Amino acid sequence: MILCDPSAERAVLAGMCSYGENAYLDIADIVQESSFTIDSNGIIFKCLKTLFEREQKSIPDIASIYSVAQELNLDNILNKKDEAQHLRAIMDFPVSESNVRKFAAKIRKLEIARLLRKQLEETQDKILDVTGNEPISSIIGIAEDSIFNFTSLLSDSDNSPEQIGGDIDDYLSSLVENKVDQVGIPTGFPIYDQAIGGGLRRGTVNVIGARPKTGKTLLSDNFGKNIAALGIPVLNMDTEMNREDHINRLLAMSSEVEINTIETGKFSDSPEKNNKVLRAAEQLKNLKLYHKSIAGKPFEDQLAIMRRWLVKEVGLNDDGTAKDCVIFYDYLKLMDSVGISQDLKEYQVLGFMMTSLHNFAVRYKVPIMAFIQLNRDGITKESTDSASGSDRIIWLCSNFTIFKRKSDEEIAEDGTAHGNRKLVPLISRHGGGLDDNDYINCHMKGWCAKITEGKTRLEILHNVQNDDEGFIVENDSNNDQEIPFD
């Protein structure tokens, strides 16, 4: 038989017989009955497991093993002459207690290899069902799913519970020796980063909701450019726009030349604008900004695209997690009506999509920023009720923020210099958020696709109050004309 090691199996059983319950508890999280390739070894393991878990017997003997085998209706096998000799040989087999777990890990790895081989054989059968009408990505995804979705079995770590404060000294020393400005990846909006808990943390899904045509895609581009400027790869999974649209916006954002002037090529008529656009183009060449249009693609294919990008462009660490990067998903919605029926509603499908994104983020320790549409409640309300689709979106996200236009009253109260948009962090698992009735002022210059973060509403109010006591009044001039872009 291939992919087996009878000697390692015998060593594990011998360790359980020699060192009793302590040896069993040391390997219980690694092996199970199916880990043994020799039937009698699996039976002996089952008997020993029953002894330790039910009777809590410290050191087993042959009589107790036979007694349990009889209760489990397995004595007819162990009573055979060859099997009886095999059990006695195991009882006499010399093995060091410190090596028992190593042998257990070995037979577990061999079990995983056997399971993977079986998985790949099943994958071959799936490939034979290909008709030729499927997209190439779907065909490739058949093989990728077999490998990447199987990695949950590839864990060499100890799965037993750990005392929370057991290695607290080492943890604190690591923090001191590896100081960082903030825990997560900065978005370029420091107040927002602080509100959600220190930027975009690994293994989290960060959600921003907005009404249509508010500028959520512009916000995504601004975040992405800021992050890529730090040398961190960024992937934009785009459900609506094409690559050229983003190029025009990014060039306008960096050069502050009107988008329309860039799109029409008229920037070349002005030496000043031409130089600005060319400099912006050189900057864009050096940014690790990636774009993929996923309009109409099944969600499984979208996950495969993200997975391939991590492996090919970002790189994985030794533990299978991704190196520093950020994925933007703009935006979470159904691509078609496939999967929606009387049994599976739209909100359920969106919930499954959010669950898959969350699992992907956790599996590869990558931060994902997902955008969603707000329902009509989002026009007047600023609460989680305005999130369209599924409660699961709110349940599984690390933080939820609303991005919306400021009302005329808010602009008048804050002053026109403080912007025309606002970010309202509502919930945050890791950050403190903002006080009630507070928000982050943002200024969107739609004509050049640029959004900048300003002060919070309460900061502005505090400055106004201080001004009454003799402080300098802030300048409310330079109000930029807004052109609506999403």
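Which residues gather in a patch of negative charge on the surface? They're Glu 162, Asp 167, Asp 169 and Asp 170. Before I go on, a word on what we're looking at: this is a predicted model, where local features need pLDDT of at least 70, side-chain atom pairs count only at pLDDT 80 or more, and totals for chains, interfaces and linings use all residues. Residues are numbered from 1 along each chain as its sequence is written, and side-chain values use heavy atoms, with hydrogens and water left out.

Back to the patch. The rule for patches takes residues with over 30% relative accessible area and no salt bridge, joining like charges within 9 Å and nonpolar side chains (Val, Leu, Ile, Met, Phe, Trp, Tyr) within 5 Å. Asp and Glu count as negative, Lys and Arg as positive, and His and the chain ends are not counted. The place of a charge is NZ of Lys, CZ of Arg, CG of Asp or CD of Glu. Areas come from Shrake-Rupley with a 1.4 Å probe, and for residues only the protein chains shown count as cover.

Take Glu 162 from that group. You'll find Glu 162 in the loop between helix H8 (136–148) and helix H9 (168–177); helices here are DSSP runs of H or I with at least four residues, strands are runs of E with at least two, and both are numbered from the N terminus. Glu 162 is exposed, at 71% relative accessible area. On that scale buried is under 20%, exposed is over 50%, and partly exposed is in between (1.4 Å probe, protein chains only).

Now look at the nonpolar side of things. Ile 168, Tyr 171, Leu 172 and Leu 175 make a nonpolar surface patch of about 380 Å². Tyr 171 belongs to helix H9, and it counts as partly exposed with 49% relative accessibility.

Let me zoom out for a moment. The chain has 20 helices and nine strands. Of its 486 residues, 43% are buried. The accessible surface is about 25600 Å², and carbon and sulfur atoms hold 49% of that. As for contacts, meaning heavy atoms within 4.5 Å, take those with a separation of 6 or more: 69% of them are between residues 24 or more positions apart.

Ala 23 sits in helix H2 (residues 21–27), and at 3% relative accessibility Ala 23 counts as buried. Leaving out residues up to four places away in sequence, Ala 23 touches Gly 15 and Met 16. From Ala 23 to Leu 13, ten residues apart along the chain, the C-alpha atoms are 9.4 Å from each other.

The other one is Asp 221, in helix H11 (residues 216–228). Buried or exposed, would you say, for Asp 221? Buried, with a relative accessible area of 6%. Once neighbours within four places are set aside, Asp 221 is in contact with Asn 236, His 246, Arg 249, Leu 250 and Met 253. Then there's Phe 328: 107 residues from Asp 221 in sequence, yet 9.2 Å away in space, C-alpha to C-alpha.

On to salt bridges. Side chains of opposite charge can pair when their charged atoms come close. The rule here asks for a side-chain nitrogen of Lys or Arg within 4 Å of a carboxyl oxygen of Asp or Glu, and the count comes to twelve.

Start with Arg 117 and Glu 121, whose closest N and O atoms are 3.9 Å apart. They're four residues apart in helix H7 (residues 97–128), so about one helical turn separates them. Arg 117 is partly exposed at 45%, and Glu 121 is partly exposed at 40%.

Helix H14 (residues 271–285) holds another pair, Glu 272 and Lys 276, again four residues apart and about one turn of the helix. Their closest N and O atoms are 3.6 Å apart. Glu 272 is exposed at 51%, while Lys 276 is partly exposed at 29%.

How far apart are the closest N and O atoms of Lys 450 and Glu 256? In that salt bridge it's 3.0 Å. The pair links distant parts of the chain, 194 residues apart: Lys 450 is in strand S9 (residues 450–456), and Glu 256 is in the loop between helix H12 (243–255) and helix H13 (259–263). Both are partly exposed, Lys 450 at 24% and Glu 256 at 32%. Salt bridges with shared partners also bring in Lys 445, giving one network of Glu 256, Lys 445 and Lys 450.
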